[in-house]
Amino acid sequence: MTEKTFLTPAYDSILKLKAYQTGKSVEDLKREYEVNDVLKLASNENPLGSSPYVTLAITKQLDQLARYPDSNGTDLKQAVADFNDVHSSQVTLGNGSNDLLDIIARTFVSHNDAIVYSEYAFIVYSMLAKMIGATGIEVPAKRYGHDLEAMLEAIQQNNNVRMVFIANPNNPTGTLLSKQEIQEFVEQVPAHVLVVLDEAYIEYCEESNNRQLIDEFDNVILVRTFSKAYGLAGLRVGYALSHPNVADMLNRIRQPFNVSLLAQSAAVAALADQDFIAKVHKINDGQMRWICKQFDALGLGFVKSYSNFVMVNVGDADSINQALLEQGIIVLPLAGYGLDEWLRITVGTPEDNTRLIDTLRDTLESM
Ligand SMILES: Cc1ncc(COP(=O)(O)O)c(C=O)c1O
């Protein structure tokens, strides 16, 4: 046994953890490549910003910054509950949905347990397993998406599994499972296993939301965010819907003031403006179609995406990424996911997307 020092982490698996890679920032790029006009299409942010009502709501709170926010998030919880037709006792608020994923895993999974997730699923799931010293069981993907049959088998074969994460649509692949596929899966998952459905991008394919599962299954937790379609990534706010007893457990673990004053007011205003979300959805759809048509014309393979980003196979992704950076464009290379030839590109405004495609075409021709 090696001797413990102040640097010995709680679990050996923490030694294998790599800090979450957020990619280059606009400021990094300006400094490193001396480009002024930087286009960031790497974090699936909303290029249209957020609802104008958000700015109004925040402005009204500016004289309250010396005060702690409502720890219970009463108004926002009620707004989320009304919007989703659940009781407010079923809502848990988070400092972004990442906070909720973290709270959920720490509340219910111990280092003796196991967590199931898919290959190519959002990287945070495997990071959480390592963080709490739990066993992470990564199930091979099927056509870049979740193989629910294989995931169910993995759960049934291991009594230690306490939780399964499913991202729908999935990041970074953009794949979507049908409501029926998810329903059949949940019906077969043993009742002691929690199913965490991460719907961070659900506003881009609203008809596929799995809100109905909460009424039927006490072991399902739905996680949503205001960071993507609602355009509030900088404020950090998300929510979980679950059985009230699950929410009660989560409430014991979360930090007392985990959602800021401005984030709470902004999210209430954002949720009320569904016209903005409809506009975002429509523009994203049109731009996604246009981008994919350009990929076809360039002879590039891509995976059909149901969100606001798309994964494209460019071959030598390292070199293409480097060339894009030098020309002021930030996208996300997916080597960290084992997808060496792929780049994930966030759908931008029409001008953003034209610049991206023109630069990509020039880069491919020059190689
Ligand atoms: C699938 C998925 N879940 C959760 C998150 C976390 O987002 P946030 O913490 O901003 O809500 C992301 C962010 O990229 C995501 O892609």
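The model is a predicted one, in which local features need pLDDT of at least 70 and side-chain atom pairs count only at pLDDT 80 or more, while totals for chains, interfaces and linings use all residues. Residues are numbered from 1 along each chain as its sequence is written, and side-chain values use heavy atoms, with hydrogens and water left out.

Some members of the shell make polar contacts, meaning pairs of N or O atoms within 3.5 Å. In D198, a polar side-chain atom lies 2.6 Å from a nitrogen atom of the ligand. The side chain of Y201 has an N or O atom 2.7 Å from an oxygen atom of the ligand, and the side chain of T225 places an N or O atom 2.5 Å from an oxygen atom of the ligand. Taken alone, the ligand exposes 400 Å², of which the protein buries 93%, the accessible areas coming from the Shrake-Rupley method with a 1.4 Å probe.

Elsewhere, in the loop between β3 (114-118) and α6 (124-131), Y120 has a positive phi, near 65°, although it is a residue other than glycine.

Helix α8 (179-188) returns in the second largest pocket, where it and α7 (148-157) each supply at least two lining residues. A pocket is an open set of points on a 1 Å grid over the protein atoms alone, with protein on both sides within 12 Å along at least five of seven lines, and its lining residues have an atom within 4 Å of a point; a cavity, by contrast, is a set of points where a 1.4 Å probe fits but cannot get out. The second largest pocket holds about 500 Å³ of space, and of its 20 lining residues the closest to its centre are K142, H146, L148, L177 and E181. The largest share of this lining, 4 residues, comes from α8. Domain 1 (22-49 + 275-365) and domain 2 (52-272) each give at least three residues to the lining, with domain bounds taken from an automatic or database domain assignment.

The structure also holds 2 cavities of 30 Å³ or more, a volume being the space filled by probe spheres set on grid points that are joined across faces, edges and corners. The largest cavity, of about 80 Å³, has among its lining residues N46, Y204, V280 and N308, and this lining includes no charged residues. The second largest cavity has about 60 Å³ of space, and its lining, which includes D70, K77 and R254, divides into 4 nonpolar, 5 polar and 3 charged residues.

Technical notes
A polar contact is a pair of N or O atoms within 3.5 Å; within protein, one must be able to donate a hydrogen and the other to accept it, and residues adjacent in sequence count only if both atoms are side-chain atoms. Ala, Val, Leu, Ile, Met, Phe, Trp, Tyr, Cys and Pro count as nonpolar, Asp, Glu, Lys and Arg as charged, and the others, Gly among them, as polar.
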